[in-house]
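Hi,

Here is the structure I promised to pass on. My notes on what turned up are below it.

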Amino acid sequence: MSETSPQAVNRLLAALPDAEYQRLIPHLDHVSLPFKQVLYDVGEPIEYVYFPQRAIISFLSTMADGSMVEVGLVGNDGVTGIPAALGDNIAATTATVQVPDSAMRMEASLLKSEFGRGGSLQSLLLRYMQAQHAFATQNAACNRLHYLEGRLARWLLLVCDRVESKELPMTHEFMSQMLGVRRAGVTEVANALQQAELIRYTRGKVTILNREELEAVSCECYQIIQGEYARLLGTKNG
């Protein structure tokens, strides 16, 4: 078990009343999440759910030609495997660790049982699902309507909020896959942000240098997504 309180690190767990959290403790295991670990693949049963600490887990949709795009992400604001709580434990996307760290893991069947008890956990997970739906719909609109510069800034800010660090381990290739664009396009935009001294990019790492200006460059979707999480879950990133 980590020396840092898991309840304090994962915001969803932290939002639970202490009595409900104490009931979950015997069923929570602290696990490491290495880079690129696949937690579950599309079409596979969801055996475990994960409450990330400072890890980022991406939900990827894969096309017939092998191309992938990120359709959702979870960090210390939430939990993976939500469909299992609703009674459907077959994964519709691939869940992959994109920023390594750790998480609290629970058997999916136990989360389903706890959800069925009602109470604060059920209410919290329903609000979290609504926040995730808002994220997905805003992300879809953003990818269709906004320029790459604003989209990349928005995505970097969302990841920064969830790892609680300005240093983000990622490559141009990874960012291009997450945004569903060509690597050359991400490289061009990232270089422009670096020349403006908003970020610094070294091999395999992006450092946010000027968060306020990066928010100004970001499209409106960052504030909309942030606002929905704050409204529904009482959390404020950034």
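Helix 7 and helix 9 are roughly perpendicular to each other (that label covers angles of 65 to 115 degrees). Helix 7 (residues 148-163) and helix 9 (residues 183-195) cross at about 75°, with axes 10 Å apart; axes are lines fitted to C-alpha atoms over the stretch in contact, and angles run from 0 to 180 degrees between N-to-C directions. Helices here are DSSP runs of H or I with at least four residues, strands are E runs of at least two, and both are numbered from the N terminus. Leu 148, Glu 149 and Leu 152 of helix 7 meet Gly 185, Val 186, Val 189, Ala 190 and Leu 193 of helix 9, contact meaning heavy atoms within 4.5 Å.

One caveat: this is a predicted model, where local features need pLDDT of at least 70 and side-chain atom pairs 80 or more, while totals for chains, interfaces and linings use all residues. Residues are numbered from 1 along each chain as its sequence is written, and side-chain values use heavy atoms, leaving out hydrogens and water.

There's also an open sheet of three strands, ordered 1-7-3 with antiparallel pairing (pairing takes at least two DSSP bridges). Strand 1 (29-33) and strand 3 (48-52) are at the edges with a single partner strand each, so one side of each has no neighbour in the sheet. Strand 3 pairs with strand 7 (residues 101-107) over five bridges, and Val 49 has Met 106 as its bridge partner in strand 7. Helix 5 (residues 108-116) packs on this sheet, touching strand 3 and strand 7, and its direction makes about 65° with that of strand 7.

Cheers

Methods. Parallel < 35°, antiparallel > 145°, perpendicular 65-115°, else oblique.
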